[in-house]
Structure formats: structure tokens, C-alpha cells
Amino acid sequence: MLSVKEEIKQRDIVDVEMFVADKKILLLLGKTPTEQLVIKPENTLGDRGAVNNDPQNLRYNLRNMKAVDPFMATKVISRREIDEIIAAAQRLIPLMDVGGESSKEYTEIIRALSNSGGQITWVKTAKFEEFKDLHSAVKKREGGDKSGVRAIAKALSDPGGLEKFGEILAVDAFNHNFDRFDLSDNPMGKNDQLKRLWNLGNVAVCLQNNVLRPIGFDTFADSSEYRDLTKNEAPNQDWWGYLLTDGNAQKRKSICKDVADDLETALGPRNRNTILRALGASDRRLPNDAAQRLAAGMDSGALKLKTKLLSMSSPEKRPPGLQARIVALGWAVLVRGRAQPAPPPGRPSRRPGS
Ligand SMILES: Nc1ncnc2c1ncn2[C@@H]1O[C@H](COP(=O)(O)OP(=O)(O)O)[C@@H](O)[C@H]1O
Ligand SMILES: [Mg+2]
């Protein structure tokens with residue numbers, strides 16, 4: 001069986017395709033139509049020559065997103081699994097005419113996979129069905145086809161849609177992922193019309209339990225200054241994770257207002273005819289309470305992430321930087337130098353030892 005949960009074996013691979021050629025993203029096809037895995041190389045470059053364990057940083061980053069998005073189940077691929085995929089690609093070559101187009105593709109795939117370890121870490125994700133990203137949707141709209149922006153607007157507007165997108169933003173804040181929205185105090189958008197939206201290609205929806213919903217993919221900003229979890233120190237005040245504290249609820253609301261405006265701007269206005277307009281039909285694609293729904297999502301995303309982080313492993317087993325972040329957010333307190341879950345808000349914390 002080809003699945004994210006199981007180890008990839010050559011015998012389960014029926015075909016390997018170059019899926020997004022310029023990014024060296026591959027597609028593995030299994031024995032049944034539902035067995036499809038997307039294999040992607042992530043840059044794990046380390047930090048300015050220092051050893052900061054990017055493959056581990058990546059692992060925890062992905063795990064954070066899974067706390068709010070079970071459809072973004074992604075795992076790092078082992079060396080052994082890469083060898084299995086290479087073997088599958090090699091086995092597939094003789095089936096085709098050697099030197100032909102497809103044989104060239106397999107050779108490229110093998111070359112790409114051979115570049116692994118250290119600076120490149122390969123990850124596997126189930127293939128998203130009916131994936132639609134905002135960048136492609138806007139391009140299509142410019143060509144006269146509005147189906148993409150309509151589908152994304154509907155997925156966001158549907159019950160739970162904007163809320164889920166808010167949850168994704170909460171995890172982006174914790175991960176300090178700047179490759180979707182700029183959540184900083186001095187934000188920049190991709191162009192003059194956008195306040196915070198930076199990468200339209202990373203805003204996307206896909207089929208989840210038969211409905212289109214936002215997907216929290218592409219979570220690891222490989223040059224993010226705050227990705228390093230190896231040091232036992234609280235990040236400085238510019239870390240976006242601080243947005244998730246109770247005290248920053250107002251800030252989250254104002255960010256979500258910008259995000260809602262940007263999404264609306266990027267999706268573009270609906271063409272209402274004069275009659276509908278006279279009847280009061282809006283030319284907006286998102287509901288009027290979009291910002292509030294996003295903010296509610298950020299709140300619940302923060303809670304889900306906190307709950308998962310506190311339940312997953314004991315403080316001693318967490319990377320030092322992750323533990324420091326949990327404490328910095330007040331999600332755990334130090335008692336005699338050891339972390340314990342923080343008491344619920346409003347209740348006086350018990351003095352150590354009392
Ligand atoms: N699991 C997946 N299922 C389907 N398509 C995917 C999947 N992962 C990536 N893609 C495709 O690859 C493109 C780039 O993926 P992304 O994770 O954003 O890579 P990058 O970090 O290079 O931007 C996406 O826009 C999408 O078309
Ligand atoms: Mg991307």
C-alpha cells in the first residue's frame with residue numbers, strides 16, 4: 001500500500017512521474033487509483049553554516065500544521081525509501097524505449113532523488129484532489145475563466161472554511177512562515193493592492209471528505225529566521241508566534257481584517273448586473289463577517305496547537321527551542337526549572353511546592 005503512514009516500498013510503486021518539473025516535485029502512483037503520493041524536496045540548508053538541524057526543524061514545523069489540518073499529513077522520507085523509489089524508477093526505464101521521452105523523465109527523477117540528505121530533505125504527502133491555488137485561479141480569471149476564483153471563494157465562505165483558514169494562519173504564525181501572508185507589524189503584500197498577501201500560490205483548497213476546503217500546505221519557510229528549534233531561548237519580540245497569546249487578540253483581529261481584504265481583492269469582484277445590484281446584491285465574493293470568522297479560526301487554531309504540543313511529548317523530549325516557545329507563550333510554566341502545563345487563565349497559579 002502506498003500511503004503517508006507506511007514505508008514506501010518499490011513493489012507498491014506502479015509508476016513515478018515528474019509532477020511539477022521546475023520544483024522537482026514527483027508523483028508516485030500505486031496499485032489503486034487512490035494510492036497517490038506527492039514527493040517534494042524541501043531545502044534544509046542549515047543556518048549560515050551553523051549546525052541547526054533543519055531536517056528536525058522541518059519535522060516539527062509539519063507536525064504543527066497537522067494539529068489543525070489532518071489533510072496535511074506529511075512525513076519526512078527516509079534514505080531507505082528514497083532508494084526504493086530510485087529502484088522503482090530504474091525498473092521502469094527498460095519498459096519504455098530507451099532514449100525516448102519517458103526514459104528521459106525517469107533519468108531526471110533518479111537524478112533528482114539522488115540529491116538528498118543534508119541540504120535537501122524529501123517529504124511525502126497524499127495527493128490533494130481537485131487542488132486549486134489562488135495564483136492559478138487569478139491567472140485563469142485574467143483569461144476569462146472564473147471557475148477557479150469562484151471555487152476558492154465558495155470553499156472559504158462555506159461553513160468552517162474561513163475558520164479553517166484562520167487556523168492555518170495561527171500555525172503559520174507559530175512557524176513564522178512568511179510564504180503565505182506577512183503577519184508582521186510592518187507588512188508587505190505582493191503588490192500595491194495587497195496589504196499582507198505575499199504568495200497567492202500558497203493559498204489553496206482541495207477536496208476533503210467530498211467538499212473543497214482550505215489546505216495548510218507548504219508550511220516550511222526554509223530561510224525563516226525563527227525556524228531553528230535547537231537553542232533553548234525564547235525568540236525575540238519579532239517572532240510571529242507571540243500573536244497567539246491571549247493578550248494579542250486585538251492584533252489578531254486587525255490582521256484578519258487585512259487578510260480578508262486581501263483575499264477579497266485577489267479573488268476580484270463579482271459581476272452583478274444592474275438589476276441584482278439594485279436589489280442589493282453584493283459584488284463581494286466573501287461574506288461580510290469574513291474577518292471575524294478568520295479571527296475565530298486563529299483563536300481555535302492556537303488552542304488546537306497548544307493542546308497538541310502539550311500532549312505530544314514530555315518537556316524533556318521536545319527540542320529545546322520548541323520548549324522555549326511553549327514557555328514564552330505562557331502555554332507551560334517552569335516549576336523548579338521543569339515545565340508544567342500553565343494553569344487555566346483566571347485561576348491563580350499555585351506557588352511551586354505549595
Ligand atoms: N500533495 C499535493 N497534491 C497535489 N499537488 C501538490 C501537492 N503538493 C504540491 N503540489 C503541487 O505543487 C505545487 C507547489 O507546491 P508547494 O508545496 O507550494 O511547493 P513550493 O514550496 O515549491 O512552493 C502546488 O502549487 C501544487 O500544484
Ligand atoms: Mg508554494
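Predicted model: local features only at pLDDT ≥ 70, side-chain atom pairs only at ≥ 80, totals over all residues.
Biologist: Okay, and which residues of H10 are buried?

Modeller: A residue is buried if 20 or more other C-beta atoms lie within 10 Å of its own, exposed if 12 or fewer, and partly exposed in between; the C-beta atoms are placed from the backbone. In H10 (residues 320-328), the buried ones are Gly-321, Leu-322, Gln-323, Arg-325 and Ile-326. Their cover includes H1, helix H9 (290-312), strand S9 (332-335) and strand S10 (338-341).

Biologist: H1 again! How many residues does H1 supply to the side of domain 1 that touches domain 2?

Modeller: Domains first: their bounds come from an automatic or database domain assignment. This one gives domain 1 (10-126) and domain 2 (132-313). Contact is when two residues have C-beta atoms, placed from the backbone, within 7 Å. The contact takes 20 residues from domain 1 and 21 residues from domain 2. On the domain 1 side, strand S3 (36-43) and helix H1 (54-68) each supply at least two residues, and H1 gives the largest share, 10 residues.

Biologist: Where does ligand 1 lie?

Modeller: Check which residues are near, meaning that the C-beta atom, placed from the backbone, lies within 6 Å. Ligand 1 has 14 residues around it, and the closest are Val-38, Thr-125, Lys-127, Phe-128 and Asp-218. Both domain 1 and domain 2 give residues to this shell, so ligand 1 lies between them.

Biologist: Last one: in what order do S6, S7 and S8 form their sheet?

Modeller: Two strands pair if DSSP finds at least two bridges between them. The 3 strands form an open, antiparallel sheet in the order S6-S7-S8. Strand S6 (132-133) and strand S8 (211-214) are the edges, each pairing on one side only. S6 is joined to strand S7 (residues 204-208) by 2 bridges, and Lys-132 has Val-205 in S7 as its bridge partner.

Note on methods: Residues numbered from 1 in each chain as written. Chains lettered and ligands numbered in written order. Helix = DSSP H or I, 4+ residues; strand = E, 2+ residues; numbered from the N terminus.
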